Amino acid sequence: MNYDDQNYLPGGETLAGARKRVLIGVLAERELARQNLELPAERVQELARWFRARFDLITRARTEAFLAHAGLTPERFTAQMRELATLDAIERQFVATIDARLPEHRRLASIRDFLLRQEER
């Protein structure tokens, strides 16, 4: 994979995939606002702690080094954590609908497996 290609982002994420994830975040924020719901600051902090632990950003120095590497200010990092917390809150509200639709999504996503099996013949 050529990471200089404009269609790929660091970590191997495609630009198209990233755009969809950003869109989902925008829609989650709008849904939170539409419902006039407040996101507790504690939940945002909890997610930030999870993120730092998950990616071994345990010390302040390591976290600051990552933020500098990523070009993020602490405020922008917190905004990203808020978006993730918002998405999580809205996802929890729609969990039954998501779970009901997931089997059909998985069936459609099986196209890659189908194509690989066709190539093996």
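The secondary structure comes to six helices and zero strands, where helices (H or I, at least four residues) and strands (E, at least two) are DSSP runs numbered from the N terminus. This is a predicted model, in which local features need pLDDT of at least 70 and side-chain atom pairs count only at pLDDT 80 or more, while totals for chains, interfaces and linings use all residues. Residues are numbered from 1 along each chain as its sequence is written, and side-chain values use heavy atoms, with hydrogens and water left out.

Read along the sequence, the pattern of the protein is α-α-α-α-α-α. The protein is more spread out than a compact globule, because its radius of gyration is 18 Å, well over the 14 Å that the globule rule gives for 121 residues; the radius is taken over C-alpha atoms, and the rule is 2.2 Å times the number of residues to the power 0.38. Along the principal axes, the C-alpha atoms fill a box of roughly 55 × 40 × 25 Å. Of the 121 residues, 17% count as buried, a term that means under 20% relative accessible area, with exposed being over 50% and partly exposed in between (1.4 Å probe, protein chains only).

Where does the space between these elements lie? About 1,600 Å³ of it is in the largest pocket. On a 1 Å grid over the protein atoms alone, a pocket is an open set of points where a 1.4 Å probe fits, with protein on both sides within 12 Å along at least five of seven lines, and lining residues have an atom within 4 Å of a point. A volume is the space filled by probe spheres set on the points, which are joined across faces, edges and corners. Of the 33 lining residues, Lys 20, Arg 21, Val 22, Ile 24 and Leu 87 lie nearest the centre. Helix 1 (15–34), helix 3 (60–70), helix 4 (74–93) and helix 5 (95–109) each supply at least two residues of this lining, and helix 1 gives the most, with 11 residues.

Helix 1 is also the place of Glu 29, which counts as partly exposed because its relative accessibility is 37%. Leaving aside neighbours within four places in sequence, Glu 29 is in contact (heavy atoms within 4.5 Å) with Glu 83 and Thr 86. The C-alpha atoms of Glu 29 and Ala 68, which are 39 residues apart along the chain, are separated by 26 Å.
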